[in-house]
Amino acid sequence: MSYKKVEFPDLSTLYTYSLYGCFDQCTNLTYANLSKLTTFASGATYALAYTFYACSKLTSEVAQFPKLTAINSDYAMYNTFSGCSKITSFNLDNLETITGGYSMAYCFYNCTGLTSASFPKLTSLATYGLYYCFRYCPLTSVSFPVLTTAATYAFYYTLKQNKNEFTIM
């Protein structure tokens, strides 16, 4: 596909398979706006799975979810930004809970421009919630300042790095 820019000006709720693979491997896509997203409907599996997979020119602007407070569906953001090497940051600043299994598994996998991860309001994290989420990202800083509950395997291979060192704040 040759899309360069996509806007979702009023998209606030996602359902099962809403944007599954929608822009998968769109190598000319540089911008997308999902900033109005507030909710994953109950059981919205794969809602954003593979949506921007391997969009190599996509910038950090797409990874801005300032109104999202919970990810309650399995695989909701599975592989969403995998291989998006131009993403250097993301905004999930109001995200409080990740209760769906594998909700953000592989979400930022191999995002080679991403050096820090911050979840300032996240208090609860489900089993495999961030499974491989930041694998092969050159993270140097990771922050979960108010996380109180992390289920078994919540960070499974999330923070394992190839020789990089990082600080968890």
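Residues are numbered from 1 along each chain as its sequence is written, and side-chain values use heavy atoms, with hydrogens and water left out.

## Confidence

The average pLDDT of the protein chain is 88, and 90% of the residues score at least 70; pLDDT is the predictor's confidence in each residue, from 0 to 100. Over residues 162-167 the value stays under 50. Where pLDDT is low, the predicted coordinates should not be read in detail.

## Strands and sheet

The protein chain has eleven strands and zero helices. Strands are DSSP runs of E with at least two residues, and helices are runs of H or I with at least four, numbered from the N terminus.

Four strands form an open sheet with parallel pairing, in the order β5-β6-β8-β10; two strands pair if DSSP finds at least two bridges between them. At the edges lie β5 (70-71) and β10 (149-150), each of which pairs on one side only. Strand β8 (residues 124-125) is joined to β10 by two bridges, and S124 stands opposite T149 in β10.

## A buried loop residue

T51 lies in the loop between β4 (39-40) and β5. T51 is buried, its relative accessible area being 0%. Beyond its neighbours within four places in sequence, T51 is in contact (heavy atoms within 4.5 Å) with residues including L19, Y20, F23 and T80.

How values were computed. Predicted model: local features only at pLDDT ≥ 70, side-chain atom pairs only at ≥ 80, totals over all residues. Buried < 20%, exposed > 50% of the residue type's maximum accessible area, 1.4 Å probe, protein only.
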